[in-house]
Amino acid sequence: MEVINIEDGYLPRVSVVLGLPSGRLHDPESKRGLTQLLSDMLKEGSENRSSRQIAAEMDRYAIDYSCRVFLEYTLLHFKFLENFIEESMDLLSDFMYKAVFPEEEWAKAAVRWKGHLASQMSNPSYLARERIYSELFPGSPLSNCSVVLPTIDILEAGDFRCFYKKRFIPSSGIMGFSGPLSVGDSLTLARRFMGKAGEKSLPETSVPEAAPLSRRICLVHRPGSQQTKILIGLLAPSRKSGESMSLKLLNQVFGGGGNSRVFLNLREDKGYTYGAYSYLRQSNYAGTFMVSTNVNNSVVAASIREIFNEMDRLRQENISGEELDRCKAEINGAFLRQMETPSSICSMELTRRLVKLPQDYYREFIPALMAVGPDQIRRAAESILDSGRAVVIVVGDKDEIGADLAGLDTEMLQFEGQ
């Protein structure tokens with residue numbers, strides 16, 4: 001296991017993050033969401049402690065546990081007071097080596113998850129996100145964006161145990177310590193509590209290349225909806241393409257904040273929405289560029305046309321130097337704010353290693369950002385902002401917006417959202 005240490009004695013609080021190279025991408029095909037469910041179940045019982053005992057110890061020692069499951073990796077966070085290092089690390093060791101996933105605890109967790117998913121089915125953002133990934137990456141593990149009900153219905157405790165032994169291998173991961181600990185302290189703790197021998201190699205995951213898209217609209221019916229959720233998705237290059245910086249700037253220009261083009265168009269100029277934004281997501285396998293907004297039912301088609309118009313503008317003409325400088329300053333500021341705490345610095349470096357970014361990635365981030373010119377942004381727009389290849393997810397009442405959408409020169413696919 002690799003160990004990272006960020007020493008900081010300002011507060012008597014220790015933050016530990018364990019990064020594992022297993023994420024949503026590695027869920028079995030028929031058990032989508034297993035990694036997320038397993039991460040949640042780690043605290044529900046071990047060989048040494050029952051679920052109730054674990055909860056009591058976490059409360060007694062003020063241990064804060066959380067997990068975040070991404071496409072390619074999982075981060076497990078432990079935060080605790082310096083006085084309780086021994087107790088906290090012993091509990092983390094139990095999570096990673098001795099979890100047993102009791103049947104009775106999974107039965108209770110399944111009920112909680114079903115309730116959560118039932119509430120999500122009325123959430124337009126959830127419905128749109130679920131649909132757009134299945135349209136962008138049909139039949140691919142890249143479409144896996146959340147836990148789904150069929151997985152909960154078929155999972156048994158044995159499935160957790162098998163996947164736990166196969167993919168949650170501490171020796172394959174990276175552990176980061178931040179707080180009042182020296183490098184020697186962190187290494188000693190890692191060896192004592194997480195240094196058990198284990199197989200470092202993990203099975204490879206096959207990911208098919210994303211197929212080219214053609215423009216289409218998918219209407220998810222949400223009866224009685226007074227507003228309509230619009231989510232537009234396009235394929236983008238992977239993280240390995242080397243185009244990340246120009247794409248980051250393109251995203252900032254298009255919809256990265258309150259000064260962006262789509263925001264100013266739909267909110268300030270047209271008054272269609274309270275906000276409109278775009279998001280760039282890149283993995284080592286593929287990337288996505290998405291535009292999101294919520295509008296009144298009467299302006300759905302008009303809003304989609306305006307978003308497409310903004311895409312075409314960026315493909316056809318260079319942005320001004322003033323706009324470019326502003327967007328660089330915004331990205332620069334957001335980048336620096338990520339490094340406000342020792343724990344955030346630790347998580348950044350751990351993530352860099354997990355996704356295999358260059359060693360000098362953070363050192364070269366700002367110089368690479370400042371080197372991007374208007375021509376590169378226009379070329380990036382030409383490569384991905386093709387409205388003829390956009391997938392448009394519309395979540396709303398089909399009786400209210402169906403006729404309006406029919407006026408768009410686009411293939412229409414309908415799905416029931418309820």
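Mentor: Helices here are DSSP runs of H or I, at least four residues long, numbered from the N terminus. The model is predicted, so local features need pLDDT of at least 70 and side-chain atom pairs pLDDT 80 or more, while totals for chains, interfaces and linings use all residues. Residues are numbered from 1 along each chain as its sequence is written, and side-chain values use heavy atoms, without hydrogens and water.

Look at helix α1 (residues 34–41) and helix α7 (residues 157–167), which pack at an angle of about 95° with axes 10 Å apart. Each axis is a line fitted to C-alpha atoms over the stretch in contact, and the angle, from 0 to 180 degrees, is taken between N-to-C directions. Helices α1 and α7 are therefore roughly perpendicular to each other (65 to 115 degrees). On the α1 side, Leu34, Thr35, Leu37, Leu38 and Met41 make the contact (heavy atoms within 4.5 Å). From α7 come Asp159, Phe160, Phe163 and Tyr164. By class, the residues of this contact are seven nonpolar, one polar and one charged. Ala, Val, Leu, Ile, Met, Phe, Trp, Tyr, Cys and Pro count as nonpolar, Asp, Glu, Lys and Arg as charged, and the others, including Gly, as polar.

The rule asks for a side-chain nitrogen of Lys or Arg within 4 Å of a carboxyl oxygen of Asp or Glu, and by it the count comes to 27 salt bridges.

Technical notes: Helices (H or I, at least four residues) and strands (E, at least two) are DSSP runs, numbered from the N terminus. Angles under 35 degrees count as roughly parallel, over 145 as roughly antiparallel, 65 to 115 as roughly perpendicular and the rest as oblique.
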